[in-house]
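I am opening a notebook page for this structure and will write down what I look up, in the order in which I look it up.

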Amino acid sequence: NHKLSTVNDIVLKNTQKTSGVDGGKRVKATIVTLARNQDLMQLVSSIRVVEDRFNHKFNYDWTFLNDEPFSDEFKETTSALVSGNTKYGLIPKEQWSFPEWIDTERAAKVREEMREKKVIYGDSISYRHMCRYESGFFWRHELMMEYDWYWRVEPDVKIYCDIDYDIFKFMEDNGKSYGFTISLPEYKETIPTLWTETKKFIKENPQYVPKDNMMDFISDDNGNTYNGCHFWSNFEIASLKFWRSDAYRKYFEHLDKAGGFFYERWGDAPVHSIAAALFLPRDQIHFFQDVGYFHNPFHNCPIDRDLRLKNKCMCNPKDDFTWKGYSCVPKYFTVNNLQRPKGWENYT
Ligand code: GDP
Ligand code: MN
């Protein structure tokens, strides 16, 4: 029962701190983190850096989601660090378990095979629930319904530069729907049939694919095969309305029925990225070059020195992954006819 499974949902108000720097003109946005109680200490450093670099100036809410009830220690510690309101949501059981159409023996066999082949997280059940949840459910959690925008933050990440503008309002004012910092190819062993299922879906639903889509970013042969390029979804600043659209809902439903979250190990990153590339006009996808970001093992560090100094960035541009051989960002610039920053050749 849905009511019973969300009894942990509570809202802690920080009433003295809800105004933000530009007095009430904020958009409907929340920072959101999916985490376990044992992730607390790694999460504390992420919260501190996001607050220091951005949110202490804007006081946006922070929503925490978990498949188990959050501990008092988790709630007290995080709410002490966040300048906005904090909310704690329990994930309904049916969104974190095997759907009835999944053959659990077949899924177990796959996990065993992937364990032998040493596919990263290949033997994990919880990782698969996590990827399925981030693909199909976080944007329709009860606590998320009042928001139009979110910033996904994970434990142990870094933001390297000051963000002096309202990054959510930036998205809204500039007609953006999806923002990223790092992009690279996915491990093919985790997604053998994701592209086949995607092609089936768009063939049956061509109305969801706008003319100015970004197929050329994710496919090098006009849609025949997927090149693996995806936006690294541990950082996302994006529109919730996009995931709530008919196109994405139906796409997720199609993928979920196909079973690849369990029979393979489909990640939420390629799922989100393929959807953004195919269902959004290309100019709604934004590459953030000014915030600086780290999630093990990749860094985004602005290579433009003036920008680094202006934004008080704390990173070494030599570590920047953006222009390195394995990064998909150069392709993103090429297919969109964007001008690369001066001196990018020195950071390949
Ligand atoms: P990676 O970045 O792909 O190595 O995966 P992570 O271990 O960082 O997991 C991605 C996100 O999901 C992080 O925010 C984790 O805290 C969260 N997460 C992963 N597994 C679970 C889980 O079993 N339960 C909950 N509640 N959160 C999880
Ligand atoms: Mn992570």
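**Entry 1, the ligand.** Which residues are around ligand 1? Keeping in mind that this is a predicted model, I listed T33, L34, A35, R36, D39, N66, D67, S126, M130, E154, P155 and N234 as the residues around ligand 1. I then sorted that shell by class, and found 4 nonpolar, 4 polar and 4 charged residues. Looking up where the shell comes from, I noted that strand β2 (29–34) and helix α5 (125–136) each supply at least two of its residues.

I counted 14 helices and 13 strands in the protein. For 348 residues a compact globule would have a radius of gyration near 20 Å, and because the protein has 20 Å, I recorded the two as agreeing. Along the principal axes, the C-alpha atoms fill a box of roughly 55 × 50 × 40 Å. I also noted that 41% of the 348 residues count as buried. Turning to contacts with a separation of 6 or more, I found that 83% of them are accounted for by residues 24 or more positions apart.

Which residues of α7 (residues 194–204) are buried? I noted L194, W195, T198, F201 and I202. These cover an arc of only 120 degrees around the axis, so they lie on the same side of α7. I set beside this the general rule that an α-helix has 3.6 residues a turn, so residues three or four places apart point the same way. On the other side of α7, I found K203 and E204 exposed.

I looked up an open sheet of 3 strands, whose order is β6-β12-β13 and whose pairing is antiparallel. Its edge strands are β6 (158–159) and β13, each of which pairs on one side only. Between β12 and β13 I noted antiparallel pairing over 3 bridges, and I recorded F294 as standing opposite H299 in β13. As background, strands of a sheet pair through backbone hydrogen bonds, either parallel or antiparallel.

What kind of peptide bond joins N296 and P297? I found a cis bond there, with omega about 0 degrees. P297 itself lies in the loop between β12 (293–295) and β13 (298–300). I wrote beside this that most peptide bonds are trans, and that most residues other than glycine have a negative phi.

For N222 I read a phi near 60 degrees, which is a positive value in a residue other than glycine. I placed N222 in the loop between α8 (215–218) and β9 (229–231). Is N222 buried or exposed? It counts as exposed, because it has 8 C-beta neighbours inside 10 Å and the cut-off for exposed is 12 or fewer. For N337 I read a phi near 55 degrees, again a positive value in a residue other than glycine. I found N337 in the segment after α14 (329–335), and with 6 C-beta neighbours inside 10 Å, N337 therefore counts as exposed.

Conventions. Residues numbered from 1 in each chain as written. Chains lettered and ligands numbered in written order. Predicted model: local features only at pLDDT ≥ 70, side-chain atom pairs only at ≥ 80, totals over all residues. Helix = DSSP H or I, 4+ residues; strand = E, 2+ residues; numbered from the N terminus. Buried ≥ 20, exposed ≤ 12 C-beta atoms within 10 Å, placed from the backbone. Pairing = 2+ DSSP bridges. Near = placed C-beta within 6 Å. Nonpolar A, V, L, I, M, F, W, Y, C, P; charged D, E, K, R; others polar. Rg over C-alpha atoms; globule rule 2.2 N^0.38 Å. Contact = placed C-beta atoms within 7 Å. Arc of directions from axis to C-beta.
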